[in-house]
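Trainee: Hey, I just got handed this one and I've never looked at it before. Can you walk me through it?
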Amino acid sequence: MKRRLWSGLVGVVVALAVGALIMLAQGYKPLSTYVALFQFSLGGIGPFTTTLKNSVPLVLTGLSAAVAFASGPVNLGQPGQFVFGALAATLGGLYIRLPAVLEIPLLLLLAIAGGALWSSIAAFLRRAFEMSEFIVTLMLNMIADFFTAWVIAFPLMDRKAFSPMTPQIAKSGWIPDLGLLSSSTLVMLGAVVLVWFVFHRWRAGYEWRMTGQNSVFARLGGCDIHRNFLAVMLVTGALAGLAGGLVVMAGPHRFIKGLGANYAWDGIMIAIMANNSIVGTLVYGVFIAAIQTGALGMELITNVPSEIAQVLQAVLVLIIVATREYTNVLLDRLLARRQAKERAA
């Protein structure tokens with residue numbers, strides 16, 4: 001745990017330093033830029049709660065990727081599972097009218113079911129025809145993207161709108177705010193706790209981790225590889241679908257064109273940065289959300305284009321992953337030298 005913390009901190013510091021050099025080369029002031037960026041994302045209750053709200057889809061899609069990668073399946077279908085979860089929640093919100101205490105949980109369950117349903121297609125094709133889930137999930141992303149674009153442009157399009165989007169869902173399905181804090185943040189934190197518990201304290205999670213580390217060992221140890229594969233695909237699809245549903249329910253309260261943005265791909269990037277750690281995914285998800293949230297304020301105050309935040313994200317991924325590996329090697333060497341000295345003494 002300490003090693004992960006140190007390697008992560010070193011990676012972030014190095015990445016920020018590299019970002020500063022890039023800004024200097026472009027004629028910008030790195031210090032004032034970083035101050036503005038973090039002031040608009042973490043500098044106060046309002047910016048911080050906005051950052052937490054913006055981190056919800058990043059963390060949940062990151063969890064989806066982290067659980068999949070750590071368990072063996074190469075599920076890259078988070079973008080498709082995200083939009084199908086969003087579409088399922090939207091359909092429920094358009095045609096079901098219940099009190100909020102019933103409507104909100106129902107729409108969340110529909111979002112979970114939508115994402116799991118889409119990921120189950122890849123699981124079925126892998127089980128029935130030995131098709132690689134890596135390829136299938138990537139192809140399903142495109143199908144999901146075009147299908148949902150057709151749905152919101154024709155059968156469900158709001159005729160009063162000037163661009164493809166559905167009407168607003170029932171107000172009883174809107175995720176409420178608790179003061180400045182969006183309830184979607186609490187749902188996200190609950191999902192993180194639940195996934196951590198399953199992954200580290202439940203037998204199923206242990207089997208998933210063992211399968212991801214060595215599938216032959218897991219099979220010889222009595223793990224049902226095929227059942228675990230199906231379970232992981234459904235769970236990771238459900239997490240991505242939940243992210244999509246929460247985005248709709250927390251606002252804009254409808255399915256609009258481009259709703260998925262880059263949430264899912266950023267989530268995959270976050271899982272890689274966190275080395276598939278559940279807690280690490282939460283931390284990096286909030287950190288990336290802070291960069292994205294503060295980018296607009298950074299541009300407003302310092303005139304540094306918000307696109308520099310995208311450059312910073314890319315640098316963060318490269319530097320953090322590379323630094324983590326080098327830091328691990330360096331710490332191993334230092335530990336070996338200390339043990340050697342202790343034995344010699």
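Predicted model: local features only at pLDDT ≥ 70, side-chain atom pairs only at ≥ 80, totals over all residues.

Trainee: Where do Arg 203 and Glu 207 lie?
Mentor: Both are in helix H8, residues 203–213, and they sit four residues apart, about one turn of the helix. An α-helix has 3.6 residues a turn, so residues three or four places apart point the same way.

Trainee: Is Arg 203 buried or exposed? And what about Glu 207?
Mentor: Arg 203 is exposed, with a relative accessible area of 62%. Glu 207 counts as buried, at 6% relative accessibility. Salt bridges that share partners also bring in Arg 227, so Arg 203, Glu 207 and Arg 227 make one network.

Trainee: How many salt bridges does the structure hold?
Mentor: Four. One of them is between the side chains of Arg 126 and Glu 133, at 2.5 Å from N to O. There, Arg 126 is partly exposed at 29% relative accessible area, while Glu 133 is buried at 7%.

Trainee: And what does Asp 158 pair with?
Mentor: Its side chain meets that of Arg 254 in a salt bridge, 3.2 Å from N to O. Asp 158 is in the loop between H6 and strand S1 (177–178), and Arg 254 is in the loop between H10 and H11, so the pair ties together parts that are 96 residues apart in sequence. Both Asp 158 and Arg 254 are buried.

Trainee: New topic. Which residues touch the most other members of the largest nonpolar core?
Mentor: Leu 60, Leu 63, Val 67, Leu 246, Met 249, Phe 255 and Ile 278, out of 48 residues in that core. Helices H3, H4, H5, H6, H7 and H10 each supply at least two of its residues. The largest share, eleven residues, comes from H10. In soluble globular proteins, nonpolar side chains tend to be buried together.

Trainee: What does Val 67 touch, skipping residues up to four places away in sequence?
Mentor: Val 195, Phe 199, Trp 208, Val 232, Thr 236 and Ile 278.

Trainee: You mentioned Thr 236. Where does it lie?
Mentor: Thr 236 is in helix H10, and it counts as buried because its relative accessibility is 0%. With residues up to four places away in sequence left out, Thr 236 touches Ser 64, Val 67, Ala 68, Asn 75 and Gln 81.

Trainee: OK, H11 next. Why is it largely enclosed by the rest of the structure?
Mentor: Because eight of its eleven residues are buried. Among those buried residues are Asp 266, Gly 267 and Met 273. The buried residues of H11 pack against H3, H4, H12 and H13. H4 is mostly covered too, with 16 of its 18 residues buried.

Trainee: What follows H11?
Mentor: Asn 275, with a positive phi, near 55°. Asn 275 is in the loop between H11 and helix H12 (278–302), and it is partly exposed at 37% relative accessible area. Asn 303 has a positive phi as well, near 65°. Asn 303 is in the loop between H12 and helix H13 (307–344), and it counts as exposed at 60% relative accessibility. Most residues other than glycine have a negative phi, and most peptide bonds are trans.

Trainee: Speaking of peptide bonds, which residues does a cis peptide bond join?
Mentor: Gly 251 and Pro 252, with omega about 25°. Pro 252 is in the loop between H10 and helix H11 (263–273).

Notes:
Residues numbered from 1 in each chain as written. Heavy atoms only, no water. Core = buried A, V, L, I, M, F, W, Y, C linked by side-chain atoms within 4.5 Å. Buried < 20%, exposed > 50% of the residue type's maximum accessible area, 1.4 Å probe, protein only. Contact = heavy atoms within 4.5 Å.
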